[in-house]
Structure formats: structure tokens, C-alpha cells
Amino acid sequence: MFDTHRKSVEAYLVENQKAHYRYIYGMVKNPADAMDILQDSIVKALKKCRQLEDIDKVKPWFYRVMTTTTYDFMRKQRRQLPTEDEAIEHQTKPHYDTYEDLDLDDALSKLSFYEQTILRLKYFEEMTFVQIASIMDENVNTIKTKLYKTLKELRIALDEEEIGNELDG
């Protein structure tokens, strides 16, 4: 049974690797970091695939692994302040982003990790509230409430940005 489980998990990981990379990249905004986090997530998943009771729930299970690994990475990054050289290098590097709407990207970056994760899972990864609740280890109603509150705040922020741009222009 373990071999069947592992092969199913491996097949899922290979089949969805681009979506997984995109999900992580959307959080960290750095291609190298996103690849490292994805690789760490895959290693963790393959080591723990015995814990997956229902193979049909591999998608939310692996997104939880990726989310936790990404959160841990970001928490560790906050503890490590960049050196002066690294800060200068980061400022002078060209920034390539996959989002076409930079106002939206800017507004998303101001959200907490928790809020970004819920939005990304719902709208970018097209997951159900039940799947998101499972990934976030929360009640479904808590996820719905947080999503709708975050969307309202996001709309307000984008409207304020639009008004500011109209006044500047």
C-alpha cells in the first residue's frame, strides 16, 4: 500500500509542479527561494506520504506542506537582516513580476501571510473553502469570514490607490 501511495503522490507532484512553483513564487517573489522551498516541500511530502490517509486529498495535503514550509522560510528570513551589500544588490536588481496589475500586487504584498494565503488558495489555486480550511487548519466559517474581510480591505486599498493616482495625474 505504501508504494501505491508514494507513486500516487509522486505522480501528483510531477503533474502539478508548475502550479506549485507559481503558488510559492507568489508568496516569496524570488525564483531561487521559490525553487528551494518547493524542493524542501517535496522532500517533506515524500517522507511523510504514509501519513496521508486518503489519497484523494493529496492536493490540500501538499498545499498545507508548501504553506507551512513557505511560512517557516519567511519567518527565518525576518530574523536575518540583509547586509549592506545585499540590500544594495536587491535594490539595483531588475524586478520581474508575473502580475500585470502592479497596484493589485502592491496591495497583496501589504496583506499578512495568512490573508495572502487564503486569497491565493481561493482565487489563484481555485480551491474550495473546505480545502482551504483543511490547509490552514481552521474552521470553514473562519476562512470565509477572513476572506470576505480581506477582500473588503483590498477593495478599499485599491480604491484609495486609484483616487491617489487620479489626483497625481
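Modeller: What follows is a set of questions about labels in a predicted model, each answered by setting a value against its cut-off.

Biologist: How do you know that the span of helix α3 is close to the expected one?

Modeller: Helix α3, residues 31-48, contains 18 residues and extends 26 Å from its first C-alpha to its last, which is close to the 26 Å expected at 1.5 Å a residue. At the start of this helix, a side-chain oxygen of Asn30 comes to within 2.9 Å of the backbone nitrogen of Ala32, and because a polar contact requires N or O atoms within 3.5 Å, that distance falls inside the limit. The buried residues of α3 are Asp33, Ala34, Ile37, Leu38, Ser41, Ala45 and Leu46.

Biologist: Why is the pair of Tyr71 and Phe113 called tilted?

Modeller: The search of the whole structure returns five aromatic pairs. For the rings of Tyr71 and Phe113, the centres are 5.3 Å apart and the planes meet at 50°; because rings pair when their centres lie within 6.5 Å, and because planes under 30 degrees apart would be stacked and those over 60 edge-to-face, this pair is tilted. Tyr71 belongs to helix α4 and Phe113 to helix α7, so the pair ties together parts that are 42 residues apart in sequence.

Biologist: Are those two residues, Tyr71 and Phe113, buried or exposed?

Modeller: Tyr71 has 36% relative accessibility and therefore counts as partly exposed, since the class lies between the limits of 20% and 50%. Phe113, at 16% relative accessibility, counts as buried, because buried means under 20%.

Biologist: Why is Glu115 called buried, and what does Glu115 touch?

Modeller: Glu115, which lies in helix α7, has a relative accessible area of 11%, and because the cut-off is 20%, Glu115 is buried. Not counting residues up to four places away in sequence, Glu115 touches Lys146, Thr150 and Glu153. A polar atom of the Glu115 side chain also lies 2.9 Å from the backbone nitrogen of Ser112. Other buried residues in α7 include Gln116, Thr117, Ile118 and Leu119.

Biologist: What makes Arg120 and Lys122 count as charges over rings?

Modeller: The charged end of Arg120 sits over the ring of Phe124 at 5.6 Å from its centre, and Lys122 lies over the face of Phe129 at 4.2 Å from the ring centre. Because the distance limit is 6 Å, the Arg120 value of 5.6 Å and the Lys122 value of 4.2 Å each fall inside it.

Biologist: Which residues of the largest nonpolar core touch the most other members?

Modeller: Of its 39 residues, Val9, Ile24, Trp61, Phe62, Tyr63 and Leu121 touch the most other members. The elements giving two or more residues to this core include α1, α2, α4 and α9. Leaving aside neighbours within four places in sequence, Tyr63 is in contact with Tyr12, Ala19, His20, Tyr23, Leu121, Glu125, Met127 and Ile135.

Biologist: Why is Asn139 called partly exposed?

Modeller: Asn139, found in the loop between α8 and α9, has a relative accessible area of 45%, and because this lies between 20% and 50%, Asn139 is partly exposed.

Technical notes
Residues numbered from 1 in each chain as written. Predicted model: local features only at pLDDT ≥ 70, side-chain atom pairs only at ≥ 80, totals over all residues. Heavy atoms only, no water. Helix = DSSP H or I, 4+ residues; strand = E, 2+ residues; numbered from the N terminus. Expected span 1.5 Å × (residues − 1). Buried < 20%, exposed > 50% of the residue type's maximum accessible area, 1.4 Å probe, protein only. Polar contact = N/O pair within 3.5 Å; in protein donor to acceptor, adjacent residues only side chain to side chain. Core = buried A, V, L, I, M, F, W, Y, C linked by side-chain atoms within 4.5 Å. Contact = heavy atoms within 4.5 Å. Phe/Tyr/Trp six-rings, centres within 6.5 Å; stacked < 30°, edge-to-face > 60°. Lys NZ or Arg CZ within 6 Å of the ring centre and 35° of its normal.
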